[in-house]
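Here is a brief report on one protein chain and its ligand. Please look over the sequence and the model before reading on.

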Amino acid sequence: MQITIDGLQFSYTSTPILDNVNADLSGHKLVSILGPNGVGKSTLIHCINKILTPKGGTVMIDGKDVKEITIKEMSKIVGYVPYSANDSFPLSVVDTVMMGRHPHSKWGSLDSDLRIVYETLEMLGISHLAMRSFNELSAGQHQKVMLARGLAQEPRILLLDEPTSNLDVRHQLEVTKLLRKMAEEKDILVIMISHDINIAAKYSDEILMMHQGSIFATGTPKEVITEENLKAVYGVEAKVIDDLGTPHVILRDSIPVDLEKVEEVRSPLMAESLRAKNEDSIVSDAIEENQ
Ligand SMILES: Nc1ncnc2c1ncn2[C@@H]1O[C@H](COP(=O)(O)OP(=O)(O)OP(=O)(O)O)[C@@H](O)[C@H]1O
Ligand SMILES: [Mg+2]
């Protein structure tokens, strides 16, 4: 499968959120989208799966503009595991995951659908939760069930919004490794948003790093996860070391916010509060000097 994003633009209000996003993603890969809060990662994914309609540019799947792909067709090709903050289904785990089979459901296919659902639960190590009510589960268990629903759909492209945000370290590793394995074995293009740079670096074939509404850097983890890029995009001082061929980030400190830059990106409220803070410290320094 191939996704080609060309000159993509999107805004919710008059402020542009995505501004000329270009990307070409293909093959059975795990691609991670990295970038700071509010940069437009979830918005980008929503433009790919037609939840949002771009204001400009195009998203093509295998050469076909998504505008021309029907919702039904789309649900067979593209699976989506949303950010899991407030999912709630008054259903058992097995029925929740069964919802993933909906795009494929045909008369008489229940047995094979159930088999796929149970195989997926098994693969994620949660078959013991099958009969539990979804709403009674812990946040990490919820996240695994939603992941199972996405995988049970057997899509050709799987989009995941922070799929491991509620998982403990072991499960973060296991799930990300599994996503990489699924991409390869089932020939799926897996695209996930992540805030865990080290785990993304360890398992991703490709990284898209977003900054100010567009793609700042793209390439292998080694090419994209550099000290310079982390400084420019996240505003952090970090040391990037080589861990068996994979970049590993050791965070040192955040870089103090530059007042002029804040004004440049039109955050008058933040600039105002920083100015007030600076003035306070000038006054307290002066008092100290006079004592
Ligand atoms: N429904 C909406 N209406 C108006 N503005 C929105 C809406 N959804 C998101 N935004 C704004 O669009 C920008 C991008 O949001 P988005 O959710 O894509 O960020 P993100 O990169 O996924 O961030 P995070 O890492 O925090 O999830 C933010 O400034 C956000 O406030
Ligand atoms: Mg988001």
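Leu159 is in contact with Ile45, Ile48, Asn49, Val78, Gly79, Tyr80 and Ile191, leaving aside neighbours within four places in sequence. Contact here means that two C-beta atoms, placed from the backbone, lie within 7 Å. This is a predicted model, where local features need pLDDT of at least 70 and side-chain atom pairs count only at pLDDT 80 or more, while totals for chains, interfaces and linings use all residues. Residues are numbered from 1 along each chain as its sequence is written, and chains are lettered from A and ligands numbered from 1 in the order in which they are written.

Leu159 also belongs to the largest nonpolar core, which has 63 residues. Ala148, Leu159 and Val190 touch the most other members. Helix α5 (residues 139–152) gives the largest share of this core, 6 residues. A nonpolar core is a set of buried Ala, Val, Leu, Ile, Met, Phe, Trp, Tyr and Cys residues joined through C-beta atoms within 7 Å. A residue is buried if 20 or more other C-beta atoms lie within 10 Å of its own, exposed if 12 or fewer, and partly exposed in between; these C-beta atoms are placed from the backbone. In soluble globular proteins, nonpolar side chains tend to be buried together.

## The chain as a whole

The protein chain has 291 residues, and 32% of them count as buried. Its secondary structure comes to 11 helices and 12 strands. Both are DSSP runs numbered from the N terminus: helices are H or I with at least four residues, strands are E with at least two. Of contacts between residues at least 6 apart in sequence, 62% join residues at least 24 apart.

## Strands

An open sheet of 4 strands runs in the order β2-β1-β4-β5, with antiparallel pairing. Its edge strands, β2 (16–26) and β5 (64–65), each pair on one side only. Strands pair if DSSP finds at least two bridges between them. Gln9 has Gly56 in β4 as its bridge partner. Helix α1 lies across β1, β2 and β4, at about 60° to β2. That angle runs from 0 to 180 degrees between N-to-C directions, with axes fitted to C-alpha atoms, for helices over the stretch in contact.

Strand β9 (residues 206–211) is mostly covered, with 5 of its 6 residues buried.

| Strand pair | Sense | Bridges |
|---|---|---|
| β1 (residues 2–11) and β4 (residues 56–61) | antiparallel | 5 |
| β3 (residues 30–34) and β9 | parallel | 4 |
| β9 and β10 (residues 214–219) | antiparallel | 5 |

Ile33 stands opposite Leu208 in β9. Met210 has Ile215 in β10 as its bridge partner. β9 and β10 form a hairpin with 2 residues between them. In the turn, Gln212 has a positive phi of about 45°.

## Asn229

Asn229 sits in helix α9 (residues 227–234). Asn229 counts as partly exposed because it has 19 C-beta neighbours inside 10 Å. Not counting residues up to four places away in sequence, Asn229 touches Met209, Phe216, Ala217 and Val224. Phe216 is 13 residues from Asn229 in sequence and 8.4 Å away in space, C-alpha to C-alpha.

## Around ligand 1

The residues around ligand 1 include Tyr12, Ile17, Asn37 and Lys41. A residue counts as near if its C-beta atom, placed from the backbone, lies within 6 Å of the molecule. Helix α1 (residues 41–48) gives the largest share of this shell, 3 residues.
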